[in-house]
Each structure stands twice: as C-alpha cells, then as structure tokens.
Amino acid sequence: MTAPVRACTICGKPQAQRFKPFCSARCADVDLNRWLKGGYVIAGRADEAEDGPSGEGEDKG
Ligand SMILES: [Zn+2]
C-alpha cells in the first residue's frame with residue numbers, strides 16, 4: 001500500500017511535505033495572492049435567524 005500523494009492545489013504536482021497543500025513555496029505564494037486579491041469576498045450566508053425570537057415556542061414534552 002502506498003501513501004497517496006496529493007496534488008498541489010495550484011499546479012497539480014505532487015505536494016511537498018513542508019509546503020502542504022502545495023508543492024512549493026511558490027505555489028503557496030500564488031494561493032496567498034489569490035486570497036489577497038479578492039479571496040476575501042466570502043459569500044454571505046443566507047440570513048440565518050437574523051430576526052425573530054430565538055427559538056422559544058415549542059415545548060418539549
Ligand atoms: Zn504547485
């Protein structure tokens with residue numbers, strides 16, 4: 001049984017132990033740049049119980 005070598009998320013080469021999940025510092029950098037450029041536009045979650053009472057109504061038998 002061989003340990004599966006995962007592919008670098010940037011270029012697809014085998015990941016390097018010390019740069020996981022990338023193959024090199026370079027790819028890690030690429031990923032970081034992606035984040036800085038526009039990565040932090042995280043899709044807002046659907047309004048999750050934004051207004052309304054906090055679930056107090058049903059009585060547990
Ligand atoms: Zn890579």
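**The segment before the helix**

Modeller: With 13 C-beta neighbours inside 10 Å, lysine 13 counts as partly exposed, because a residue is called exposed at 12 or fewer such neighbours and buried at 20 or more. The model is a predicted one, and lysine 13 is placed in its segment before α1. If the neighbours within four places in sequence are left aside, the contacts of lysine 13 are with Ala7, Cys8 and Cys23. Lysine 13 can also be related to serine 24, for the two are 11 residues apart in sequence, while their C-alpha atoms are 9.3 Å apart in space.

Serine 24 likewise has its place in the segment before α1, and it counts as partly exposed because it has 16 C-beta neighbours inside 10 Å. Once its neighbours within four places in sequence are set aside, serine 24 is in contact with Ala16 and Phe19. A further distance can be given from serine 24 to cysteine 11, which lies 13 residues away in sequence and 9.9 Å away in space, taken from C-alpha to C-alpha.

The peptide bond that joins lysine 20 and proline 21 is cis, with omega at about 0°.

To set this part within the whole, the secondary structure of the chain comes to 1 helix and 0 strands, and 7% of its 61 residues count as buried. Among the contacts in the chain with a separation of 6 or more, 0% are between residues 24 or more positions apart.

How values were computed:
Residues numbered from 1 in each chain as written. Predicted model: local features only at pLDDT ≥ 70, side-chain atom pairs only at ≥ 80, totals over all residues. Helix = DSSP H or I, 4+ residues; strand = E, 2+ residues; numbered from the N terminus. Contact = placed C-beta atoms within 7 Å.
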